[in-house]
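Please open the model in your viewer and keep the selection panel at hand. The tour below goes from stop to stop, saying what to select and what is found there.

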Amino acid sequence: MGDIAWHRKDLLSIYDLESEEISLILDTAEEFKKVSERNVKKVPALRGKTVVNFFVEPSTRTRMSFELAEHRLSADIVNIAADSSSLRKGETLLDTVRNIEALQIDLIVIRHSAPGAPMLIAKNISCGVLNAGDGAHAHPTQALLDLFTIREKKGRLRGLKVTIIGDILHSRVARSNIWGLLKLGAEVTLAGPSTLVPRDFEKIGVRVCHDLRSAIEDADVVNLLRIQHERQRAGFFPSVNEYARFFGLNETTEKYLKPDALVMHPGPINRGVELASTVADGPRSVILEQVTNGLAVRMAVLFLVAGCMNK
Amino acid sequence: MGDIAWHRKDLLSIYDLESEEISLILDTAEEFKKVSERNVKKVPALRGKTVVNFFVEPSTRTRMSFELAEHRLSADIVNIAADSSSLRKGETLLDTVRNIEALQIDLIVIRHSAPGAPMLIAKNISCGVLNAGDGAHAHPTQALLDLFTIREKKGRLRGLKVTIIGDILHSRVARSNIWGLLKLGAEVTLAGPSTLVPRDFEKIGVRVCHDLRSAIEDADVVNLLRIQHERQRAGFFPSVNEYARFFGLNETTEKYLKPDALVMHPGPINRGVELASTVADGPRSVILEQVTNGLAVRMAVLFLVAGCMNK
Amino acid sequence: MGDIAWHRKDLLSIYDLESEEISLILDTAEEFKKVSERNVKKVPALRGKTVVNFFVEPSTRTRMSFELAEHRLSADIVNIAADSSSLRKGETLLDTVRNIEALQIDLIVIRHSAPGAPMLIAKNISCGVLNAGDGAHAHPTQALLDLFTIREKKGRLRGLKVTIIGDILHSRVARSNIWGLLKLGAEVTLAGPSTLVPRDFEKIGVRVCHDLRSAIEDADVVNLLRIQHERQRAGFFPSVNEYARFFGLNETTEKYLKPDALVMHPGPINRGVELASTVADGPRSVILEQVTNGLAVRMAVLFLVAGCMNK
């Protein structure tokens, strides 16, 4: 699986990784994708290892994807949800995770509303830490599964034009995708209302565009982010209908796309808002393949991080 | 295990099944009941298969019974509860289950408050779907464990007189039992206040009776349904005490029963309402045996449905 | 593992146990502690056995510790939380656990807010019952892990001076510790405000002390209990700050301790209240080792109780 080795006990953000490390994860995920196509979908790679899924912020799809990846690697799994946690009793986050560490756990998968929480934990404990999303900061496994899907469909990432549309300002998915795409040589365009896609993003080497047509007509890939209704209430855009009209991908605006453009979405979809059903379920959509690939990518990062801890 | 083979990827309702299919499930459950009596209660039948328990409506006993059945078949298990689900974020049910399917799950066990939800899902995805109760529509595994218990205790179903007492109108347990009993040749009487047991039920070939004594004095089996207090508030009967007096099985009304009549209840029991403790814990009661048999029946349906998917 | 054998199907309280039984658990835990230091941390001791973690009162750390112990013994695990339980539907506790028993479970680990609930259950069902904390009554595995930690660090328990500080009145941890320490020959001092540490405790053979310095200056071990803010509201002490000033262990009061005194805490810590961070994280603290030892102790009791059930 490549010439370079993995030497990190944690996966915290795409920003930290060298492009060779990203490629190693994607290559490893390719191998694991084959495992999930077998009749018996398990390998004993993490047998006897314990993984704690510590989701302080609720999640179904990311938690399920990690949990299934852990099952397929034969790990022992313990789930902790926010509301049952000692955090409610006023314990500090570090005390909670030091307790988890004292239980001789091997890996912690953490989702937390506070940006940086996974980093704080990773620095203070010897367990491996996988960031499953921290505030608006990072969601590295989502970006990795997006990169995997693009590479699988297009054969490469270098030189591809990728447009991300939506609430870039508040999106950890966008941030992690941007860093991953830039590191692997893609060209990135960000699109959406100027309140949600400020010009400042240009400083990190991406194109910012406030017009849908010019944002997508050259794109090889269009990645639509979920519009959260609470943003409307906060005044970032006048109404969901207005957003759908100007930045939604639907039967009309789909015509601007190149015939072989990929349509992606991290889910869950707001059908009729950022994405019309005809497009979500249409031939360009690879949305469900993203989900399938997420499992392979998470198996890969769990495997690499656990392997590093044995050394 | 019988001459006929199982050819369904789903178990959605008893109504759909041929009597031979019901008998095949009961015969298979007999074999699995023996597994649970061993010291090591596991068989490797579903090793490497993944089952998602998707309980959109809360449940303890049915969820536990399915989860234990899955453990004993060596499946990998993921639980999703309603409140942690993406449904809360406005995702459609079909999008949620298509995501589950994209994670290469093998079987989904679903409980949902909407009648028909399991059918909708089963039509749209390739995973096997087991209905663990949908609204007032169907609860096939409950009916199967009731049939199993009667057949085990009485040696047969054909020609037996079975009386179901309670809120038939709102009960998925009653509906599934009625179809199963009729298909296997039993005679069914429904009893309760006329608001909860309308005469219309006679059209499907059962006897409707609004007097407890005449409903139970010939019965080989009496199955009491749980009375839900919210029905009283909705005006279906004047008070729980009134219900208990006219339709409860207690020391007085038990005397109408034949000596060898079976007393059944799907649980949880409202002691002192539909069933007095002396009867619930008395010699005619097979209530806890129903629970034990539920495990065997659920192992059987998981096994049959999973086996069909491998073909 | 000692000359005496284990002959109980339940672990309900330390009060019930002979000192030889306590020592047997501690000796067995020593063996299991070695398992957790291996690369593959599992033994097949409970393979095919089913353990239900029935936490009617919420808990993270005790539940996690039990769940990990069960994983390491290769048990099948089912978790039931209070809010999803049939108890909400008005089912009696005994009916709920008789249902669990009917599902052919082997062991139930129960936490309940009602003192005596585990005993009630244990008397009525054939499954093994492990008390994971019942009201203010008992928390035997916490006491056992405290005894284990002291014995490991000090080489013995007989003749040691152990001081427990805090809300003794409402603490199951204190009660179970007191019985365990007395049975194994330690001298126990209880300290705290007189509202929370009444003189009545002297009748069971312990010293009661309302002055911190005299309570700790001779102590080999100081065990601090978590101060619950709701006690302040109930008028047991004037304010948390006042409590911290008179009974908190901090940089100033730590000077009264012997150099080799152990500082213990069952967690979660209220930093700055009963324990200052300098002490909690200082060289005398064995708080995280208590957590690690809890896993070994719980493996030991699960193993002993399950072994007894096979006979």
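Is B:Gln104 buried, exposed or partly exposed? Select B:Gln104 and the C-beta atoms around it: B:Gln104 is partly exposed, because 19 other C-beta atoms lie within 10 Å, where a residue is called buried with 20 or more other C-beta atoms within 10 Å of its own, exposed with 12 or fewer, and partly exposed in between, the C-beta atoms being placed from the backbone. Before moving on, note that this is a predicted model, in which local features need pLDDT of at least 70 and side-chain atom pairs count only at pLDDT 80 or more, while totals for chains, interfaces and linings use all residues. Residues are numbered from 1 along each chain as its sequence is written, and chains are lettered from A and ligands numbered from 1 in the order in which they are written.

**Two loops with a positive phi**

Stay with B:Gln104, whose phi is near 60°, a positive value in a residue other than glycine. B:Gln104 sits in the loop between α3 (93-102) and β3 (107-112) of chain B, where helices (H or I, at least four residues) and strands (E, at least two) are DSSP runs numbered from the N terminus. Next select A:Ser74, in the loop between α2 (61-72) and β2 (76-81) of chain A. The phi of A:Ser74 is near 70°, again a positive value in a residue other than glycine, and A:Ser74 counts as partly exposed because it has 15 C-beta neighbours inside 10 Å.

**The domains of chain A**

Colour chain A by domain, using 19-138 + 291-310 for domain 1 and 140-287 for domain 2; these bounds come from an automatic or database domain assignment. The C-alpha centres of domain 1 and domain 2 of chain A lie 26 Å apart. Their contact takes 19 residues from domain 1 of chain A and 17 residues from domain 2 of chain A, two residues being in contact if their C-beta atoms, placed from the backbone, lie within 7 Å. On the domain 1 side of chain A, select α1 (19-35), β4 (128-134) and α11 (287-310), each of which supplies at least two residues.

**From chain A to chain B**

Now show chain A and chain B together. Chain B can be laid on chain A with an RMSD of 0.0 Å by a turn of 120° and a shift of 0.0 Å along the axis, the copies being superposed by least squares on the C-alpha atoms of residues with pLDDT of at least 70 in both. That is the relation of a three-fold axis. Where the two chains touch, the contact takes 19 residues from chain B and 21 residues from chain A. On the side of chain B, β2 (76-81) and α3 each supply at least two residues, and α3 of chain B gives the most, with four residues.

Turn to chain C and select its five strands, which form an open sheet in the order β7-β6-β5-β8-β9 with parallel pairing; two strands pair if DSSP finds at least two bridges between them. β7 (207-209) and β9 of chain C stand at the edges, each with a single partner strand, so one side of each has no neighbour in the sheet. Four bridges join β5 (residues 161-165) of chain C to β8 (residues 221-224) of chain C, and the bridge partner of C:Ile164 in β8 is C:Asn223.

Finally, select C:Pro268, in the loop between β9 (262-264) and α10 (277-280) of chain C. The peptide bond from C:Gly267 to C:Pro268 is cis, with omega near -10°. In chain B, the peptide bond from B:Gly267 to B:Pro268 is also cis, with omega near -10°.
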